[in-house]
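Colleague: Hi! Could you walk me through this model while I have it open?

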Amino acid sequence: MTILSPRPDFAPDTDPLDVIRWTLETHGDVLMPSAFNLNGVVLLDLAVKAGYRGEVVFVDTGYHFPETLATRDRLAARYPELTFVTLNDGATPEDGQTDPALYASDPDACCAVRKVAPLQAYLRRKAPSALLNARSRDQASTRADIPFVEDGARVKVNPLAHWTRERLETYAREQDLPVNPLYWDGFLSVGCWTCTRAVRPGEDARAGRWAGKGKTECGLWAGENRL
């Protein structure tokens with residue numbers, strides 16, 4: 001019988017490295033989904049420093065900016081000890097998965113087919129007990145209360161829950177991390193090019209995602225099909 005490490009009483013100022021190390025000790029099969037935004041790039045670097053040597057899973061919706069795909073490739077070259085997995089590799093708007101205009105008429109349905117379903121199917125096959133992800137509280141009001149560890153069908157671990165954007169930027173600069181160049185042009189959260197714009201002064205980091213659509217989450221972390 002496997003004896004799990006007891007969950008520490010993490011405080012808001014707990015070092016993310018300690019959260020990651022606890023995760024690796026407790027959930028040896030943990031996986032890391034990533035879209036390679038600022039948070040994700042920082043988490044990758046911290047995870048490697050903490051000893052993570054697993055998979056980094058990215059969903060290619062067919063609508064990603066070229067800069068996002070280039071950032072994935074730069075990260076894969078920088079961290080050869082990790083296994084980078086791309087689902088729907090080479091997807092395009094004309095690949096038959098959806099109507100090419102579905103993103104405009106029903107963005108929830110587009111996300112569900114192109115992003116959520118492929119990752120859910122992959123996770124059903126791999127069946128990890130936990131996911132290591134890069135969400136933080138100051139990204140959006142929908143994430144304002146996320147803890148370090150969330151229970152559910154699979155545990156979701158958020159080592160950067162309490163890190164601010166300023167702290168993330170400082171870390172990325174100090175470590176010379178390959179951040180998506182769109183970030184520095186105001187795209188504080190980069191998704192598909194069809195549904196992402198630069199953030200305006202005073203807006204939260206995810207305000208540029210699905211602007212005007214009444215939508216703030218793709219469905220991976222909120223909703224009935226959440227991970």
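Modeller: Happy to; we can go through strands, then a helix, then some aromatic rings. Keep in mind that this is a predicted model.

Colleague: Good to know. Let's start with β2: how many of its residues are buried?

Modeller: 5 of the 5 residues of β2 are buried, so the strand is largely enclosed by the rest of the structure.

Colleague: And which way do the side chains point from β2?

Modeller: Glu-55, Val-57 and Val-59 point one way, while Val-56 and Phe-58 point the other way. In general, side chains in a regular strand alternate between the two faces of the sheet.

Colleague: Which strands does β2 pair with, β1 and β3 included, and in what sense?

Modeller: Strand β1 (residues 32-33) runs parallel to β2 and is joined to it by 2 bridges. There, Pro-33 stands opposite Val-57. Strand β3 (residues 83-87) also pairs with β2 in the parallel sense, over 5 bridges.

Colleague: Nice. What do the helices α2 and α3 do between those strands?

Modeller: β1, α2 and β2 make a right-handed β-α-β unit. β2, α3 and β3 make a right-handed β-α-β unit as well.

Colleague: I also see strands β4, β5 and β6. In what order do they sit?

Modeller: The 3 strands form an open sheet in the order β4-β6-β5, with mixed pairing. β4 (130-132) and β5 (149-150) stand at the edges with a single partner strand each, so one side of each is left without a neighbour in the sheet.

Colleague: How do β5 and β6 pair?

Modeller: β5 pairs with strand β6 (residues 155-157) in the antiparallel sense, over 2 bridges. Glu-150 has Lys-156 in β6 as its bridge partner.

Colleague: Changing topic: which residues of α6 are buried?

Modeller: In α6 (residues 165-174), Leu-168, Glu-169, Tyr-171 and Ala-172 are buried. Looking down the helix axis, the buried residues of α6 fall within an arc of 165°, so they line one face of the helix.

Colleague: What covers the buried residues of α6?

Modeller: The cover includes α2 (38-50). That is the helix from the β-α-β unit with β1 and β2.

Colleague: Which residues are exposed on the other side of α6?

Modeller: Arg-173 and Glu-174 are exposed there.

Colleague: Now the rings. How many aromatic pairs are there?

Modeller: The structure holds 9 aromatic pairs. Take Phe-10 and Trp-22: their ring centres are 5.9 Å apart and their planes at 85°, so that pair is edge-to-face. Phe-10 lies in the segment before α1 (16-26) and Trp-22 in helix α1, 12 residues apart.

Colleague: Are Phe-10 and Trp-22 buried or exposed?

Modeller: Phe-10 counts as buried at 18% relative accessibility, and Trp-22 counts as buried at 6%. Ring pairs also link Phe-10, Trp-22 and Phe-148 into a cluster.

Colleague: What about Phe-65 and Phe-187?

Modeller: Phe-65 and Phe-187 form an edge-to-face pair, 5.8 Å centre to centre with 70° between the planes. Phe-65 is in the loop between β2 (55-59) and α3 (66-78) and Phe-187 in the segment after α6, so the pair ties together parts that are 122 residues apart in sequence.

Colleague: Buried or exposed, those two, Phe-65 and Phe-187?

Modeller: Phe-65 counts as buried at 13% relative accessibility, and Phe-187 counts as buried at 16%.

Definitions and conventions. Residues numbered from 1 in each chain as written. Predicted model: local features only at pLDDT ≥ 70, side-chain atom pairs only at ≥ 80, totals over all residues. Heavy atoms only, no water. Buried < 20%, exposed > 50% of the residue type's maximum accessible area, 1.4 Å probe, protein only. Helix = DSSP H or I, 4+ residues; strand = E, 2+ residues; numbered from the N terminus. Arc of directions from axis to C-beta. Contact = heavy atoms within 4.5 Å. Phe/Tyr/Trp six-rings, centres within 6.5 Å; stacked < 30°, edge-to-face > 60°. Pairing = 2+ DSSP bridges. Right-handed = clockwise from strand over helix to strand, strands pointing away.
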